[in-house]
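Here are my notes for you to read alongside the model. Keep the structure open and click on each residue as it comes up.

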Amino acid sequence: LETVREPRVTEYFSHDQLDELGRLERLKYVRDGAALKMNPAIRNRLEVEFPEFPDDPVKQKVLWKKLYCDELNRLLVGGHSIRTDRSIAAVLAEVSIAVSRKWRAMQKEGKKKRAGTDLNFKEEPSPRTLLRWFWNYERSGYRAIGLQENYSNSGNRTPRFPPEAMALLTRCVQGYATRRRKTKKRIVEDTQAAFEEVNSRRLAEGMRPWPVPGASTVRRAIGKLDKFYVACQRYG
């Protein structure tokens, strides 16, 4: 378990300890209890993590993304927007104006306004790009590190599928062990089509899409099937 506020503290419990806490009624499970939309205590901690405007261009880009995500979060929490491309497109101008105002103020650093002062500005992101940033930001615990380039791809590069997605992958792979004797290529195509169909519904509901398994992932899953079982199902 990890705290949702600073300092970040992680504590580990065994299954036996959790079971004991549950039986003693000292443990309460609330689905998405630490989510921003469910926990007002962490809504106000989304502040800029840089004490001053950074000179490093990489940090500047992270700060710029964070301003966009914090402003979008404000609208999401207030019920002025939802997590869909169309809804974010409708408020993108408002978000960009607020970010530009803060970006300008940070570069001036309290100095008086002077005509001709050079200030750098960036092109606003598309609704889809902003939503992707926000997903990474949310997944990192609303910390700026989640907005670094390729942060979501760091570490283990094996696709992480949620349990529901793994169940769908398993069902699709089982199609290989039938008397229809589908090829592995056909199973790959059917699996990817099934994931794209589910992702279309999830995006329409404002949920994060599942990773679509690649051909190698599907082939590895097929390879894990029991060979005797596959032979019986395919050839009788």
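1. Of the 236 residues of the protein, 33% count as buried. Here buried means under 20% relative accessible area, exposed means over 50%, and partly exposed lies in between (1.4 Å probe, protein chains only). This is a predicted model, where local features need pLDDT of at least 70 and side-chain atom pairs count only at pLDDT 80 or more, while totals for chains, interfaces and linings use all residues. Residues are numbered from 1 along each chain as its sequence is written, and side-chain values use heavy atoms, with hydrogens and water left out.

2. What is the protein built from? The answer is eight helices and zero strands. (Helices are DSSP runs of H or I with at least four residues, strands are runs of E with at least two, and both are numbered from the N terminus.) If you look at contacts with a separation of 6 or more, residues 24 or more positions apart account for 62% of them. Contact means heavy atoms within 4.5 Å.

3. Now for the greasy parts. A nonpolar core is a set of buried Ala, Val, Leu, Ile, Met, Phe, Trp, Tyr and Cys residues joined through side-chain atoms within 4.5 Å. The largest one has 24 residues, and Y68, L130, W133 and F134 have the most contacts inside it. Helices α2, α3 and α4 each give two or more residues to this core, and α2 gives the most, with nine.

4. Take a look at F134 on its own. Leaving out residues up to four places away in sequence, F134 touches C69, L72, N73, L76, R83 and Y142. There is also a second, separate core of 19 residues, and A165, A194, A221 and I222 are among them.

5. Next, find S81 in the loop between α2 and α3. Is S81 buried or exposed? S81 is buried, with a relative accessible area of 5%. Not counting residues up to four places away in sequence, S81 touches L75, L76, S87, I88 and V91. The C-alpha atoms of S81 and V91 are 7.3 Å apart, and these two residues are ten apart along the chain.

6. On to charged pairs. A search of the whole structure finds nine salt bridges, each being a side-chain nitrogen of Lys or Arg within 4 Å of a carboxyl oxygen of Asp or Glu. One of them joins R74 and E71, with the closest N and O atoms 2.5 Å apart. These two are three residues apart in helix α2 (residues 57-77), so about one helical turn separates them. R74 is partly exposed at 41% relative accessible area, whereas E71 is buried at 6%. Both belong to a network of salt bridges that links E71, R74, E94 and K102.

7. Compare that with R83 and E138, whose side chains meet in a salt bridge (2.7 Å, N to O). This pair links distant parts of the chain, 55 residues apart: R83 is in the loop between α2 and α3 (85-108), and E138 is in helix α4 (residues 127-139). R83 is partly exposed, with a relative accessible area of 23%, and E138 is partly exposed too, at 26%.

8. D190 and R186 form another salt bridge, with the closest N and O atoms 3.1 Å apart. They sit four residues apart in helix α6 (residues 184-204), so about one helical turn lies between them. D190 has a relative accessible area of 25% and R186 has 38%.

9. Last, see how α6 meets its partners. The axes of helix α5 (residues 163-173) and α6 come within 9 Å and cross at roughly 145°. (Axes are lines fitted to C-alpha atoms, for helices over the stretch in contact, and angles run from 0 to 180 degrees between N-to-C directions.) The residues in contact include L168 and L169 of α5 and A194 and F195 of α6. By class, this contact has nine nonpolar, one polar and no charged residues. (Ala, Val, Leu, Ile, Met, Phe, Trp, Tyr, Cys and Pro count as nonpolar, Asp, Glu, Lys and Arg as charged, and the others, Gly among them, as polar.)

10. The axes of α6 and helix α7 (residues 215-223) also come within 9 Å, crossing at roughly 115°. The contact of α6 with α7 has five nonpolar, two polar and three charged residues.
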